[in-house]
Every structure is written in C-alpha cells, then in structure tokens.
Amino acid sequence: MIFLFYTAAIVALIATIAVIVSTNVVHALVYLIISLLSVAVIFFALGAPFAAMLEAIVYAGAIMVLFLFVMMMLNLGQATQDEEKAWMQPRLWIGPGTLVALLLAQLTSVLFTQDVAISPVEVGVLDISVLLFGPWLLAVELASMLLLAGLVAAYHLAKK
Amino acid sequence: MESIPYEHGLILAAILFVCGLVGVLTRRNIVFVLMSLEIMLNACGLAFVVASSRWQHAEGQVMFLMILTLAAAEVAVGLGLIIQMYRRFHTVDISVLNEMKG
Amino acid sequence: MQNWIGLLPAFPLAGFLLLVLSRGRMTKTVAGIIGAGSVGLSFLLAVMISIEFLNSGAQPFSKTLWMWMQVGGLDTGFTFFLDGLTLVMILIISGVGFLIHLYSTGFMADDPGFARFFSYMNLFVASMLVLVLADNLILLYLGWEGVGLCSYLLIGFWYDNPANGYAARKAFVVTRVGDTSMAIGLFLLFSQLGTLNIQEILLLAPTQWSTGSAVAVAASALLLGGAVGKSAQLPLQTWLPDAMAGPTPISALIHAATMVTAGVYLIARTHILFELAPSVQLIVAFVGLATLLMAGFTALMQRDIKRILAYSTISQIGYMFLALGVGAWSAAVFHLLTHAFFKALLFLAAGTVILSLHHEHDIFKMGAMRRRLPVSFWCFIVGSAALTALPFTSGFYSKDAILLAALDHPSYGMLLWVGGVLGAFMTALYSFRLVFVVFFGKSHYEQRDTQQHDDHGAVVENTSPAMFFPLLILAILSLFGGLISVPVDAVFANGALHEEAHASQFLHALMILIPILGVMISWLLYGSLSYEKAGAHLRKQLLVSPLGGLLNRFWFSGWGMDKLYQTLLVQPFLALAQVNRKDIVDLVFNSLSYVARFANSALVLTQTGNMRWYAISLVAGLVIVIGLGVWR
C-alpha cells in the first residue's frame, strides 16, 4: 500500500506539472486525466474505495469528457498552440512563482509540526451513505439544487 | 499493513493545490485556467479524504462528495462561459476581457 | 354640572371637526348653525357651571379627563382646573366668542370661505378654552400654541393677497420669539420644582425660593417673555397692527377680546412667581406703561380704522400689564373683562362700517356717516366712551382701579400714575378723533369701482338680526359691565398688596376730568362745526411745523419699531444668509466627500479589469494572512 501511495503520488505530481506547462489543450487534458486517475489510486491506497470510484467515474470520466467535447467544439488549431508558446515567457512566472513558493513553504511548515501515521482502514460505502442520508441530508439537497442551477446556467450560457 | 505518514498525504495535496494555483496565475488561455481550477479543487478533495483516513471517519469523504458536486457545476457553467466568450471575441485569451475596469 | 367641564372645549372642537370633514359640501346655513351653535352650547354650559360654582362657595375644582403623558417625573394629565379666574376667562371666551360668531354669520355671509372661517374660529375657541382651563403648564402650552396657529390661519384667511400671508407669517414668527422664551421658562420650572402643575408650582415656589432669588427672577422673566409676545407688548408688539389683515370679526375675537389677553391671564395665573421676583414685576409695570404710551401716540396718527383700534388694544393691554406690575391682579382681570366687551363692540361696529362702505378702511375717506350708519354710530359712541373711561361706563371702573393701584406703588407710584393718566388723555384724544372724523363733518366717501357695485352702490347699513343683536348686547355690557364684580378675590387672596385707594380727592378728580378734557380737545381739532376750517387749519399748522411733521411720521410708523427690527434683525439675517449661500458649515461635510472621492480615484487604478491581476492580489493577501497566523 505504501508503495502504491508514493508511486501514484509521483505520477500525479508529474502529470499535474505537465498540465500547467503544456501548450496543447488536448495533451493537457490527457495529462489531467492521468493526474486524476492517480489521485483515485491514492484514495484507494488510503482506504477510501468509494471516493476512488467517484473520482474515476465522475472526475476523470464525466467532467473530463465534457472538457473534451468543448475542446472539439472550439476546434483550436495550430495557431492557438503557437500563441500559447509565445505567451510562455519565463519572466511571467517569476512573480506568481515566488508567491506560490511562499504559500507552499507556509503550508508545509504547518504540516511538519506533527507526526501521526495513517493506518489505512477501509471506510466503506455504508458508512458514507449512513452519513449522507442522515445528518447531511440537507447538504445533499443543497448539492442537488446546485447541480440543477449549474445545468440551467450552462444551458442558458451555451445557447446561441 | 504498513502505514502512510499522515502529513505526506497532506503535503501532496498542498503541492497539487499550489501547482493549480501557478496555472491560474500564469496561463492566459482560459481553458487552462479552468483546468488549473479543477486541479485545485481536486487537491482540496484529496486533503479531505486524507483527513478522513487519519481520523477513521466517513465525514471527510462526504465533504469530498460535496466538492465533487461543486466541481461538476462549476465546470458546466465555466465551459458554457468559454463557449460564449469564444463566440463573441473569437479568442480564448482572458487578457482581452478587461473592459470591467474602474 | 361641573363634571361636564370637559365638554366646554369639546363642543367647539366637535364643530371644528364637523366643518373640516364636510368641507365644501355644507350649505352656509348649516355651517353657520354648527359654527355659532357649538360655541353657544359652550356658553350655556359655562353659565350653568358658573352658577353652580358660585352657589357652592367658589371652591376651586379640578377634573382629570385622562392621563396625557407619564415620563419619568413628568406627570401630565388632561386635567381641567376651575377657579374664579378661570371662570371669568371661560365666560368671556364663550360669551363674547358666541356673540362674535353670531355676528360673523352676517358679516361673512358673502364669503366663499364661509365654512373654513367657522372651522378655524371653532378651533380657536376650543384651544383658548383649553389654555385657560389647563391645570398644568404643558396643557396650557398646548392651548397657547393652538391659539397661535388659529391666529396665523385667520390673519391669512384671505390668502389670495400676498400681503395678508406676510402679515400672518409676521404674527407667527414674532409671537414665536415669546413662545420660545416661555418654553425655556417651563423647562426651568420643571428642572427646579419637578412639576408643571400650576397649583403645585404656586405652593412649592415660595417654600423653595426666597424673594428675589435668581431662579425666581429667571423663571418669571422667561414667562414674561411669553406673555409679552402673545399680548403684543413692547418690544414684541409689531405683529398686532399687521394682524388686522384678517377679517374684522377675527380682530374682534382674537386680536382684541381673547387671545392677546392670554399673556395677562398667564401672569395673573402665576402671580406668585412674579411676587417672588419684585424686579421682574417692576419690569412688567414699566413694559405696560411704555406700551400704553407708545401705542396711544401711534393710534393718534393712524388713518386706517382697524389700525387705530389695534393700537388702542395694545395700549389697553398695556394698562393691564401696568396693573399686574403693581400687584393689582383683580384690577387687571377686571380691565380684561371690560376691555373684552368694549373692544369687541368697537371692532364689530368698525366691521359694520367697513362692510357698508365696501371695504373702505381710511377714516379720512369717510365722514358724516352719523345719519347713514346710525347703529354703528351709537355703538361707536358707547364703545369709545367706555374705552375713554368716561364716568359710569364699564371702562371707567376698571381703569380707575388700575390707576389708583398704580398710585399706591411704593417707589414709582407717581411716575406710573402720571404715565397712566397721560395715556388716558391720549386714549380720549384718539378714540374720539376716530368718532368725529368718521361720523361728523362732511362726507368724503367716494364709491370705488362703481361698475362692480352697480346694484348696491349706495351706502346701506347691514342691520340683519345676526349682526344687530351682538352689537346690542355688547353695547349694554360696555355701558354697565362695570357693575359686574369679578369673583377672583379668592384666587389672589395671598397677594401681598392690599388694593385700597389712598389717592387724594384732588388727584382722583383730576383722573376723572382728564379724559373728558381729551374728548373736548378732540372735538376742537376734529369734530367742531368749524372743523373744516379752523380745525383743519390748526392741524395743518401742526403738521407743517418741522417738529410736528417729524412726530407725525414717527408716530404713524409706530415709533419706527418695524424699521428698527428690519434694520437690526431682518437685514443682518438676510445678509448672513447671503454670505452663507454656499453653506459654510457644509464645507466640512463636503471635505469628507472630497477625501472619499480622492481615495476612490486612487483605488480605481487597482481595478484593471485584468483577471490575473485580481488573482495575484488574492493570493498575496492569502499569503499575508496565513503568514500572520503561522509566523506570529
């Protein structure tokens, strides 16, 4: 399990970095799918198989397919790719890079103050669904309202 | 079963989040910005699942489900906006859309 | 019957409400019946109450209708208080008020605002009754402001003419000066004594304040300010002559018989406070003296019949103040009563003259009206006789009492007496000048705009019963009203001064003869058969001489008081307003808006419309906040 975790973590990292530096939209999408799938593997390694399934089905499946459809509709050609390359100037990365490095340093400095190991005991579908349809029922309803609103908004926005 | 250090999971989430943030800050193509946002949301979900495992509690995964829903809705609306933007301005460069200035 | 005392102001108030709510849909007959009838009912009730009151030994009586406000230590009830002084006032207000209402049904018969006129009149009577019945100063103040409002509304009754509106505003603003002073006086009384109930104040004040203490002086001086404003005394007298812009019955009711005497009532009501402040009481006497002389001289020069009567009113109230100032409380109230009779009579008679002559006000355009307007003539004779205090008329008794009391004043007796007698001489001169010029000599009356009055161009006296009856009653009262004894001795029983004449026979005889002398001189100047020749010549000589001309102009303008106030107060205020046109104070607040606008234009630069810039700002903020949390 521990091997699975670290391997998947490295894959996720590399794939994510590839997403943000790639110039081709479709390539970037595929890297993103890889990243999401490896995160799904990490979930599995952490003992959350239900979350891993949802990550694979909803994120890597549904959402990314949606992205892909839009990319095909837009049909961005070689011109866009050249443009992307022109925008990739090192000096643009200096400011954001510094800020973000600072943020990361802060986060890790907080995290390394404790040292607790995780023993991956599986948290099953049953536990989650008991919570979902028990105390979190209202949140589920709200989430469904959010999805409905997203549906209506997307339909309206994408209309000609 | 070997145990995974708790903070390693969180640090992975932090790094993924920061990568997404770099993407949001540097890319001019709105499709990449949206993808970077997805990465950030996903990193948050990862942090919740790690916490869920750490405390042996299912509520972290419930939160992950909520984030998933949020991401789905956000992507739907965001992609709709991208389509609309491309139709109007024939570009995916967000720097062009700077008319709402003071 | 005394338990029904609350109905006294309720009748006219109900009349007011009926007239207001059905305005324009009521025939004049119905409106007149409601308007005059409601006051008539009040008068009947007042008579019944007074019979019961006097039969039961004149015991003061109070009745709480309901609680008005109860805040902290303030405990104000809608409570009516009845004693001898109040009794006199309610009889004057409802009685003379009823007669004037009756007269108005004839006088205003052709006016389109008939119902409006009576609604205001009824509201006035209701407010005035509340004023005199009130057992606490808050309720009194309610009535006080109510009559002020009605006075404003009625002076500006014919609002088509901007001058009338100006006169109404002037009256309102000038009396407001006095009212403000009175309000401050009420605050002072409440803060010092913790109550505004008049009887409690009168009981508490002598126990808590020593005679002449600063608080007593301040409180009574502030109340005097209110009284001076309402009663048109120096230095706030300028509004009353202009108030004659209203219909004549208004001048009779509000600006002669009742409202303007509210100041006298107030001082009489709180007389114990004034006794605690002898210096202020002396000021009251001198205010009265100065006013009665000034107004007397001014009245002598006026040409407008109503302005003469207005200055005469100011002068007579001056006598009342003189009486108050020397502590002759019941003499003041007595003069208030007789003055209400004869001045109402004079005003109503003047109204008849004005109505018959198609709104001609200038006495020098009348003349020889003796035969054409016989009723008015006899009313004027009776009224002027009473005003002049010719022996055995009502005015004789009251003015006699005042002058004798003035003579008794320990330190300034002779001065006050001489001034009062001089005023009486002037009164005789101006009031019979009015009579002689209007009713004797040759007619100078010319029909104005004859086309308009073709069918009734001739001078015909209106002697309908509604107008004749009030004149008759008031004439009888003016003649014999002096025989009434006012039941106020119990009210002023604790008054320090004992009112008994100590004048020598010579002074007393002089006092009686001087008005008669005044009438004779007036006859020589204006009334004799040779008036057209010798009298006119003499007057011309007087007017042509430099001093005479100057005095004429000076007195005609009311001693230049209007001009003085115009220069001293109005013009500096207008100049200040001119300077402050751009609102100097507002600059402070405007500077705030300039700062905000500058900050805005600076911050607007950060709003580039560029999304990545916003995101970077967001992250920078995030880093700073987390940094504050982590590396504290």
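## Chain A against chain B

Between chain A and chain B, 11 residue pairs are in polar contact, both residues of each pair being at pLDDT 80 or more. The model is a predicted one. The side of chain A that touches chain B draws two or more residues from each of several elements of chain A, namely α1 (2-21), α2 (25-45), α3 (49-74), α4 (78-87), α5 (90-111), β1 (117-118), α6 (125-132) and α7 (137-158). The element that gives the most to this side is α3(A), with 13 residues. Sorted by class, the side of chain A that touches chain B holds 65 nonpolar residues, 10 polar residues and six charged residues.

In terms of contact, 81 residues of chain A meet 70 residues of chain B. The size of an interface is often given as the accessible area lost when the parts come together. For chain A and chain B, the buried area is about 7100 Å², and 80% of it is on carbon and sulfur atoms. Three residues, Y59(A), W87(A) and I118(A), supply 10% of the area that chain A buries against chain B, more than any other three residues.

## Chain A against chain C

Chain A also touches chain C, in a contact that takes seven residues from chain A and nine residues from chain C. About 780 Å² is buried between chain A and chain C, with carbon and sulfur atoms giving 83% of that area. On the chain A side, the residues that lose the most area to chain C are L99(A), L103(A) and Q106(A), which together account for 62% of what that side buries.

The side of chain A that touches chain C consists of five nonpolar residues and two polar residues, with no charged residues.

## Domains of chain A

Chain A is divided into two parts, with domain 1 covering residues 1-88 and domain 2 covering residues 124-160. The C-alpha centres of domain 1 of chain A and domain 2 of chain A are 23 Å apart.

## Domains of chain C

Chain C is likewise divided, into domain 1 (1-270) and domain 2 (277-446 + 460-544). Taken over C-alpha atoms, the centres of domain 1 of chain C and domain 2 of chain C are separated by 24 Å. Contact between these domains involves 49 residues of domain 1 of chain C and 50 residues of domain 2 of chain C. They bury about 4000 Å² between them, and carbon and sulfur atoms give 82% of this area.

One salt bridge is counted between domain 1 of chain C and domain 2 of chain C. A salt bridge joins the side chains of D242(C) and R307(C), at 3.4 Å from N to O. The rule also finds nine residue pairs in polar contact across the interface of these two domains of chain C, with both residues at pLDDT 80 or more. On the side of domain 1 of chain C that touches domain 2 of chain C, at least two residues come from each of α3 (84-107), α8 (214-230), α9 (239-242), α10 (248-257) and α11 (262-269) of chain C. Here α3(C) gives the most, with 14 residues. By class, that side of domain 1 of chain C has 32 nonpolar, 14 polar and three charged residues.

## Salt bridges

Over all chains, the rule counts seven salt bridges. One pair meeting in a salt bridge is R176(C) and E145(C), whose side chains are 2.5 Å apart, N to O. This pair links distant parts of the chain, with R176(C) in helix α6 (residues 162-193) of chain C and E145(C) in helix α5 (residues 137-155) of chain C, 31 residues apart.

## A hairpin in chain C

Strand β1 (residues 61-71) of chain C and strand β2 (residues 74-82) of chain C run antiparallel and are joined by nine bridges. Within this pairing, S62(C) is placed opposite F81(C) of β2(C). The hairpin of β1(C) and β2(C) has two residues between the strands, and G72(C) in this hairpin takes a positive phi near 55°.

How values were computed:
Residues numbered from 1 in each chain as written. Chains lettered and ligands numbered in written order. Heavy atoms only, no water. Pairing = 2+ DSSP bridges. Helix = DSSP H or I, 4+ residues; strand = E, 2+ residues; numbered from the N terminus. Domains from an automatic or database assignment. Contact = heavy atoms within 4.5 Å. Buried area = accessible area lost by both parts, 1.4 Å probe. Polar contact = N/O pair within 3.5 Å; in protein donor to acceptor, adjacent residues only side chain to side chain. Nonpolar A, V, L, I, M, F, W, Y, C, P; charged D, E, K, R; others polar. Salt bridge = Lys/Arg side-chain N within 4 Å of Asp/Glu carboxyl O.
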